[in-house]
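These notebook entries record what I looked up in the structure, topic by topic.

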Amino acid sequence: MNLMKTLLAATALAVVMSGSAYAKQLVYCSEASPAHFDPGPTTGGNDFDASSRTIYNRLVEFEHGGTAVMPALAESWEVSDDGLTYTFHLRAGVKFHTTPYFTPTRDLTADDVIYSFERQWKQDNPWYQYLEGLSWDYFQGMDMPKFLASMEKVDDLTVKLTLTEPNAPMIANLGMDFASIVSKEYADQLAASGNLADFANKPIGTGPFVFVDYQTDAVIRYQAFADYWAGKVAIDDLIFAITTDPAVRGQKLKAGECDIMSYPAPADIAGLQADSNLTVMEQEGLNIGYLAYNTTIAPMDNASVRKALTMAINKDAIIDAVYQGAGQNAKNLIPPTMWSYNDAIPADTYDPEAARKMLADAGVTNLTLDLWAMPVSRPYNPNAQRVAELVQADWAAVGVTANIVTYEWTEYRQRGKAPDRPGAFQIGWTGDNGDPDNFFATLFSCSAIGVSNYASWCNKDFEDAIQAAKTTSDQAERTALYTKAQEVFKAEEPAMTLAHSKVFMPMSKKVIGYTMDPLGIHRFDNVDVAE
């Protein structure tokens, strides 16, 4: 069965690659299949690469290779003196994609912008639950319902957003993938036909690439959008060749079967760097790999037990074995390259004897728990299975039995959200916008429980600090509040912060213009391919 699936995937890719003999073509070996192509309810970087970064745009977007916010679908905007009202002026003449399943009759208007947010915001909106089990994880986890008071159409090309209180990261937040602007006209057409699920499987956007087809777990094909508002991109055909094994991705790149690949295995990097046909870009990642303890289930509802479990883990040995020189021990949730990093926080101490005593003092003996391991390589954790095995051995040394649990990537994240999920959960994060709030609030706020707070941790002191930090634009004041938040986080230990990693992007030397991004974004709208 696996052999047949491999043959079908290879055949599908060969057909796609031979279909555009005279067009410029880029093949990207991606690491995982997307859940679908609607960026609103998804959370994975692989989901965003396949949707928001190819098919869609946002009101504002981040510059290539940086975190500065640039005009996109909104060509300009103003913010009121009190920080409560944002007025966006939309770009005129922005076209939506034309495909065999949809032909737009109008350009982008304020109606599309308002619909794009209200479908995530208003529970009485018919699209709020258009897919079974749907949740708007970013929108909810970032407290957007709390901060949005209203969104109004001033005219066809003007939208006014009113907040309930000032929110310093708001413009940067609107550059994130969940804030992608979709077509209300297309949604209305699907609602009339009753085919709502097609919205996620047959996407329509304004972005640089038009969706062509998806052969499940094998190939995604896109074509350049000739009427793209920023001008047609250089490459004509973009193909995602889904290849879950990083070693196989590396082999395909070296064999010329793909032009660029994601997330090489650390053991393969030297070999890729030595290949004269390849370029290997690298940069420090704005990321964190961590192990979230479920703080609502005994005995991990006790901070002393959580501290003991972390103390029992030889983090340096894990980083040496798994990251192989491409990771650094993480003592904070945010990486040291981010403003407000609290370097005064002490690093975790590896002391199994002290950990054993702390567990005994807490009355914990013969503890058995689930230890979750991601099934895919991520920039913040290249081999979660190996990490789990090493943690399992360290915990066994202090009398804790860990049962390693894993599922397919989309199911893994879905199961991990459950507030009653047992055990310790491996996950991680690459920053979306360069603001500390994107780590603290998105991952560990009270409102993110059941969404992206895999520890189900709600702490008043931490919450007060991160919420107060949103209300001022003074970076010194925000830094003081985030400094306190990091102190609370370390004292309470809702998660073992494992590592911040360096990120590598290997590619053929015929790839021109690709830019590595600190936000972990894979974009191809600025890429060309040498003839």
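Entry 1: The model is a predicted one. I began with the lining of the second largest pocket, whose residues divide into six nonpolar, eight polar and seven charged. I then looked up the volume of the second largest pocket and found about 400 Å³. Of the 21 residues that line this pocket, I noted Ala 35, His 36, Thr 42, Thr 410 and Gln 414 as the closest to its centre. I next asked which helices contribute to the lining: helix H8 (198–201) and helix H15 (409–416) each supply at least two residues. The largest share, four residues, comes from H15.

**Entry 2: the disulfide.** I searched the model for disulfides, and the count comes to one. Cys 446 is joined to Cys 458, with an S to S distance of 1.9 Å. The link of Cys 446 and Cys 458 is right-handed, with 90° about the S-S bond.

I then checked the accessibility of the cysteines. Buried means under 20% relative accessible area. Cys 446, at 21%, therefore counts as partly exposed. Cys 458 is also partly exposed, with a relative accessible area of 47%. For Cys 29 I noted 0% relative accessibility, so this residue counts as buried. Cys 258 has 1% relative accessibility and therefore counts as buried.

**Entry 3: helix H16.** I turned to the helix H16 itself. Eight of the eight residues of H16 are buried, so the helix is largely enclosed by the rest of the structure. I listed the buried residues of H16 as Asp 437, Asn 438, Phe 439, Phe 440, Ala 441, Thr 442, Leu 443 and Phe 444. What covers them? I found that the cover includes helix H4 (137–141), H17 and helix H18 (475–492). It also includes strand S13 (287–293), strand S17 (424–430) and strand S18 (495–508).

**Entry 4: Thr 54.** I located Thr 54 in the loop between helix H2 (45–50) and strand S2 (60–62). Is Thr 54 buried or exposed? Its relative accessibility is 0%, so Thr 54 counts as buried. I traced the side chain of Thr 54 to the backbone oxygen of Ala 50, which it reaches at 3.2 Å. Leaving out residues up to four places away in sequence, I recorded that Thr 54 touches Asp 49, Gly 207, Pro 208, Phe 209, Tyr 222, Leu 238 and Phe 240.

How values were computed
Residues numbered from 1 in each chain as written. Predicted model: local features only at pLDDT ≥ 70, side-chain atom pairs only at ≥ 80, totals over all residues. Heavy atoms only, no water. Disulfide = S-S within 2.5 Å. Buried < 20%, exposed > 50% of the residue type's maximum accessible area, 1.4 Å probe, protein only. Polar contact = N/O pair within 3.5 Å; in protein donor to acceptor, adjacent residues only side chain to side chain. Contact = heavy atoms within 4.5 Å. 1 Å grid on protein atoms, 1.4 Å probe; cavity = no way out; pocket = protein on both sides within 12 Å on 5 of 7 lines; lining within 4 Å. Points joined across faces, edges and corners; volume = space filled by probe spheres on them. Nonpolar A, V, L, I, M, F, W, Y, C, P; charged D, E, K, R; others polar.
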